[in-house]
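The sequence and the model come next.

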Amino acid sequence: MAPLHALLEPGISDKGRNRRRARYSRPCNNGGVLILAATPIGNLGDASKRLIEALENASVIASEDTRTTIHLMRALGIENRPRLIALHEHNETERAAEIVELARSVDVLVLSDAGMPAISDPGFPLVAAAASAGVTVTALPGPSAVLTALAVSGLPTDRFSFEGFLPRKAGERRARLAELQADRRTTVLFEAPHRLSDALTDMAAVLGPERRAVVCRELTKTYEEVVRGTLPELVAWAAGGVRGEVTLVLEGAPAPTVDLTPTELVRQVGVREAAGLTRKEAIVAVASETGLPRRDVYDAVVALKSR
């Protein structure tokens, strides 16, 4: 893919580049581009300059709800009246081919009601179809409930996963949670407010009472609320009912606790050395998997080898 560049208004010299407004950036090619654009998740002020310029210039917009798109454009003071195509969970597979064909010749802007299209929102089948057809796909980054909740949660952010919505039925929900039981990464989920209490109750039952979580409610809005605690504490908090958009951040599983004697540590290092790792790499691997300080593993190896 060609690098992004600013499409400047005709006649603008390099000297005036910093004084005149550029149109929205897009990849440079001879055809159209499918452009995924992130929209505000609650605060209109989070609409990016690139999003506003894209809305001002768009001739075709595929949106999750055309009424929401019209409301957004009016709120931003945009007078442009592009062609609007409804693209939602009930028709996105059927409409993908039509929109991809359009994007061969004209830019098509893709919007969800809030956040980034294709992330637990309509858009994935469309992007997959465009990629398969060789149509260029790009994005205008912006607000994301997933990353916003993760950032404010206070839980580890170095490794995380996004699970979307948990299943609605209790049995299926518990089965999904059982799959996450040993996952040491932080997990971000969406949940409907009327199912939050049941979901938290199942989490406490499946994952244990010591696991911590964070409920982020109405992110970026006036009544934003971030509630942290153990799962039983959050169950009690949610018992009275919760309203608004909810994003849930779940602590990863603790490191497994096993009887790690110096002899066992040396054995595990030896197994990895036999598999082809250097001693240093083997010590690092054992320390990472056991949660022990690297120095403890190193000292165990040195002590046993020196006997």
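How do the residues of the lining of the second largest pocket divide into nonpolar, polar and charged? In this predicted model, that lining has 5 nonpolar, 3 polar and 9 charged residues. The second largest pocket is lined by 17 residues, and those closest to its centre are Arg 184, Arg 185, Gly 252, Ala 253 and Ala 255. Its volume is about 380 Å³.

The largest pocket holds about 990 Å³ of space. Its lining is made of 41 residues, with Ile 41, Ala 114, Gly 115, Asp 121 and Glu 245 the closest to the centre. Four elements, helix 2 (66–75), helix 5 (145–153), strand 9 (186–191) and strand 12 (246–250), each give two or more residues to this lining. Helix 2 gives the most, with 5 residues. By class, the lining of the largest pocket comprises 20 nonpolar, 12 polar and 9 charged residues.

| Pocket | Volume | Lining by class |
|---|---|---|
| Largest pocket | about 990 Å³ | 20 nonpolar, 12 polar and 9 charged residues |
| Second largest pocket | about 380 Å³ | 5 nonpolar, 3 polar and 9 charged residues |

The chain as a whole contains 11 helices and 12 strands. Of its 307 residues, 42% are buried. Among contacts between residues at least 6 apart in sequence, 69% join residues at least 24 apart. The accessible surface of the chain is about 16500 Å², and carbon and sulfur atoms account for 51% of that area.

Terms used:
Residues are numbered from 1 along each chain as its sequence is written. This is a predicted model: local features need pLDDT of at least 70, side-chain atom pairs count only at pLDDT 80 or more; totals for chains, interfaces and linings use all residues. Side-chain values use heavy atoms; hydrogens and water are left out. On a 1 Å grid over the protein atoms alone, a cavity is a set of points where a 1.4 Å probe fits but cannot get out, and a pocket is an open set with protein on both sides within 12 Å along at least five of seven lines; lining residues have an atom within 4 Å of a point. Grid points are joined across faces, edges and corners, and a volume is the space filled by probe spheres set on the points. Ala, Val, Leu, Ile, Met, Phe, Trp, Tyr, Cys and Pro count as nonpolar, Asp, Glu, Lys and Arg as charged, and the others, Gly among them, as polar. Buried means under 20% relative accessible area, exposed over 50%, partly exposed in between (1.4 Å probe, protein chains only). Contact means heavy atoms within 4.5 Å. Accessible areas come from the Shrake-Rupley method with a 1.4 Å probe; for residues, only the protein chains shown count as cover.
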